[in-house]
Amino acid sequence: MEWLRIVFLLLPTLAVHVSWGLESTAGSRPELSQLSRQLLDSAREPEFFDWLRKVRRKIHENPELAFEEEETSRFIRSELDSLGIEYTWPVAKTGVVASIGSGLQPWFALRADMDALPIQELVEWEHKSKNPGKMHACGHDVHVSMMLGAAKLLQLKSKQLKGTIKLVFQPAEEGHAGAYHMLKEGALDGIHGIFGLHVSPEMPAGTIGSRPGPFLAGSGRFLVTVQGKGGHAAAPHLTADPILAACSVILALQQLVSRETDPLEPRVVTVGFVKGGQADNVIPESVLLKGTFRSMTLEGLHYLQRRIKEVIEMQASVHKCTATTDFMLEKMRPYPPLVIDEALYEHGKRVSEALVGEPNVYLLPMSMGAEDFSFYTHQMAAALFMIGTKNDTLGSNTADLHSPFLVIDEEVLPIGAALHAAVAISFLDNTTDAAVTQSLTS
């Protein structure tokens, strides 16, 4: 999630926009504040907080990559069993969907992603990753822990819930579109809205932020093989040089943004990997390129995909080479832009302000980063919020997400658990109350 650093440095469409009566909550601030504080106080009780830390550290010690989260999933199910919470498993291979409440509508969902990254942890502490080359360097261990905390809080109030809360423990956020597969398997059918939290090591611990409307970019990847004719560097006229062709490809791709895109519309095309040749006096047979393209609109994403292929093939042809472009549509499925429902954003903002105070809730700028939570935003009312984990006294100001030096301030665990629970409970309350009011006045 490199996008979070960009978000904080800048700090001062197909989305479904459904209000579900949330705009009527302005008059219930005292009740919302009381609920939020009660939940936070419960999550901060020593026994509860100690349990949260143990959960997070257990998951942190055993990071698993996308669609390999077998032990993580097993641990989640064990905790749900101990809480007496029913769940469905497996979903999208390792995913878990738990259910708390009456089972009746309305249904509201909370989401936490489970997978880790192929990174060797370099933080020396008691609970360092025990799996070589794997680390929870994007905070998904924290996400799962906060949601299990919310599960515990919600289960205590299960008989008072005015509907049903679904807890979505999702696999494979990191590049493998786990959210898409959860939707494809029907795990979120019938859901009225969904809320998610993501850690931000760039924001002070306990602060919260988001924005309504377009938030994160749609993102795709491409893999290119430029095929030429190799030979000795002393006789380039007898070859078709794929290195020269690849260089022309890289330069020409930059013009898709600088000369074909409205300067007021954000788009990105980046080549981040080049591999070709093994000797300084030999022209190789081929060159491999890898890159990413991004846009804040689906139209922009589709346009870039089409033009990337055209430019690559034409530039290769100019140098008497050929090129194949693979957009990895199944293995690394492109993510659509993340567009946050305005009513659900306002609801999450009100709950956040009640929980941590208005000065600690930020309006974040748009970012060209990507998150597969975006798949949910195109199917239902959805809101993704950031929660800060930066604490200078812990040294957590020295690392970004996806860093082997990432340090998390665990004081955010009860805040995230309470925020999840408060957003869900008040959503059900407001939705049900709005429906009753509408039936009485119709």
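Q: How do the axes of α3 and α4 lie, and at what angle do they cross?
A: In this predicted model, the α3 and α4 axes come within 10 Å and cross at roughly 160°.

Q: What makes the contact between α3 and α4?
A: On the α3 side you have Trp51, Val55, Lys58 and Ile59, and on the α4 side Thr72, Phe75 and Glu79. Sort the residues of this contact and you get 4 nonpolar, 1 polar and 2 charged.

Q: What about α4 and α5: why are they called roughly parallel or roughly antiparallel to each other?
A: Here the cut-off is under 35 degrees for parallel. The axes of α4 (residues 70–83) and α5 (residues 140–156) cross at roughly 15° and come within 10 Å. That is why α4 and α5 count as roughly parallel to each other. Their crossing is right-handed.

Q: Which residues of α4 and α5 meet?
A: From α4 come Ile76, Glu79, Leu80 and Leu83, and they meet Val144, Leu148, Ala151, Lys152 and Gln155 of α5. The breakdown for this contact is 6 nonpolar, 1 polar and 2 charged.

Q: What makes up the contact of α2 with α9?
A: Arg29, Leu32, Ser33, Ser36, Arg37 and Leu40 in α2 meet Arg350, Val351, Glu353, Ala354 and Leu355 in α9. That contact splits into 5 nonpolar, 2 polar and 4 charged residues.

Q: What makes Arg57 and Glu410 a salt bridge?
A: The test is a side-chain nitrogen of Lys or Arg within 4 Å of a carboxyl oxygen of Asp or Glu. For Arg57 and Glu410 the N to O distance is 2.7 Å, and the pair passes. The partners are from distant parts of the chain, 353 residues apart: Arg57 sits in helix α3 (residues 46–61), and Glu410 in the loop between β16 (381–390) and α11 (412–441). Under this rule the model has 18 salt bridges.

Q: What makes β1 and β15 edge strands?
A: Look at the strand order first: β1-β2-β4-β3-β5-β16-β6-β15, an open sheet of 8 strands with mixed pairing. β1 (86–91) and β15 (361–363) each have a single partner strand, so one side of each has no neighbour in the sheet. From one strand to the next, the twist averages 25°.

Q: How do you know in which sense β3 and β5 pair?
A: To count as paired, two strands need at least two bridges. β3 (residues 107–113) and β5 (residues 193–204) share 4 bridges, in the parallel sense. To see this in the structure, find Arg111, which stands opposite Gly196 in β5.

Q: What makes β10 and β13 edge strands?
A: They belong to an open sheet of 4 strands, ordered β10-β12-β8-β13, with antiparallel pairing. β10 (267–275) and β13 (322–326) each pair on one side only. The twist averages 20° between one strand and the next.

Q: How do you know that β10 is joined to β12?
A: The threshold is at least two bridges, and 8 bridges join β10 to β12 (residues 286–295), running antiparallel. Within this pair, Val269 is opposite Phe293 in β12. As for helices on this sheet, α8 (residues 298–318) touches β8, β10, β12 and β13, making about 160° with β12. Helix α7 (residues 242–258) lies across β8 (218–227), β10 and β12, at about 165° to β10.

Definitions and conventions
Residues are numbered from 1 along each chain as its sequence is written. This is a predicted model: local features need pLDDT of at least 70, side-chain atom pairs count only at pLDDT 80 or more; totals for chains, interfaces and linings use all residues. Side-chain values use heavy atoms; hydrogens and water are left out. Helices (H or I, at least four residues) and strands (E, at least two) are DSSP runs, numbered from the N terminus. Axes are lines fitted to C-alpha atoms, for helices over the stretch in contact, and angles run from 0 to 180 degrees between N-to-C directions. Contact means heavy atoms within 4.5 Å. Angles under 35 degrees count as roughly parallel, over 145 as roughly antiparallel, 65 to 115 as roughly perpendicular and the rest as oblique. A crossing is left-handed if the near helix is turned anticlockwise from the far one by less than a right angle, and right-handed if clockwise. Ala, Val, Leu, Ile, Met, Phe, Trp, Tyr, Cys and Pro count as nonpolar, Asp, Glu, Lys and Arg as charged, and the others, Gly among them, as polar.
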